[in-house]
Amino acid sequence: MGEFVRLEVSEGVGTIRLDRPKMNALDAQMQREIAEVCAEADRRDDVAAVVVYGGERVFAAGADIKEMSAMSYQDMSRHAHTLQEFTRALAGVGKPTISAITGFALGGGCEVALSTDLRFAADNAKLGQPEILLGIIPGAGGTQRLARLVGPARAKDIIYTGRFVGAEEALAIGLVDQLHPADQVYDKAVEWAAQFVGGPALALRAAKSAVDRGLEVDLQSGLDIERSEFAALFATDDQTAGMSSFIENGPGKATFSGS
């Protein structure tokens, strides 16, 4: 467990809890801790799905500007790898992931949210990539993941202007997937994650891999990825159990072992 980031596991759902008062500013230490906790969540068999949560008041209000302002070009050239690694580690968790967004998700905080599979947000949340107002651009994946999620034109508008995106607009453009009252966001995210407890873990991992890797390549290459992932699942116990159960009992009644 890190000083500012911890993994809390309850009934098969892992919560990656960001906890650096007051605004969860993502300094270098916190970035490293996020990467470490993501690796732990990925390897633990008792974690079926992951919720990322910053607390009741704020998700994460971006990188630690005081820390970055003192860095030279040489410093940032070395640190930029860490800056992208922590969001890459989150995106690479081979299990369903969801961000529960309250308050602000700005800059690096927005990039954290972009790295999960889904995003549930409070109806008063604000998201954005305001780095341009500091004379820089997003550096933890924002220029790439935001464009893939909402399209290049909308992403450019958000990044060029540095404006905050309100919850209703975020929902309308697909930046978030559901809105809930602030005091319900975390519970709703956990509810979504909990449906995968006891599920076919290898098939879920394969589905995530096929979708994510397929987005990076042309259609035929994506179909090749899908075919490979699909065929490999016929070497699993879960495939045998799932199909046998379907034949004998109908759909949705299989018991999976995750192997």
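This is a predicted model: local features need pLDDT of at least 70, side-chain atom pairs count only at pLDDT 80 or more; totals for chains, interfaces and linings use all residues.
Local features need pLDDT of at least 70, side-chain atom pairs count only at pLDDT 80 or more, and totals for chains, interfaces and linings use all residues. Residues are numbered from 1 along each chain as its sequence is written, and side-chain values use heavy atoms, without hydrogens and water.

Start with the cysteines. A disulfide here is a pair of cysteine sulfur atoms within 2.5 Å. The count is 0. The sulfur of Cys 38 has its closest cysteine sulfur in Cys 110, 16 Å away, so a bond is ruled out by distance. Cys 38 is buried, at 1% relative accessible area. Cys 110 is buried too, at 2%. Buried means under 20% relative accessible area, exposed over 50%, partly exposed in between (1.4 Å probe, protein chains only).

Turn to the helices, which are DSSP runs (H or I, at least four residues) numbered from the N terminus. Helix 9 (residues 201-214) packs against helix 10 (residues 219-232) at about 170°, with axes 9 Å apart. Axes are lines fitted to C-alpha atoms over the stretch in contact, and angles run from 0 to 180 degrees between N-to-C directions. The pair is therefore roughly antiparallel, a label for angles over 145 degrees. Contact means heavy atoms within 4.5 Å. Ala 206, Ser 209, Ala 210, Arg 213 and Gly 214 of helix 9 meet Gly 222, Ile 225, Glu 226 and Glu 229 of helix 10.

Lys 208 also sits in helix 9. Lys 208 is buried, at 11% relative accessibility. A polar atom of its side chain lies 2.9 Å from the backbone oxygen of Lys 95. Beyond four places in sequence, Lys 208 touches Ala 91, Val 93, Gly 94, Lys 95, Thr 97 and Asp 117.

Technical notes
Helices (H or I, at least four residues) and strands (E, at least two) are DSSP runs, numbered from the N terminus. Angles under 35 degrees count as roughly parallel, over 145 as roughly antiparallel, 65 to 115 as roughly perpendicular and the rest as oblique. A polar contact is a pair of N or O atoms within 3.5 Å; within protein, one must be able to donate a hydrogen and the other to accept it, and residues adjacent in sequence count only if both atoms are side-chain atoms.
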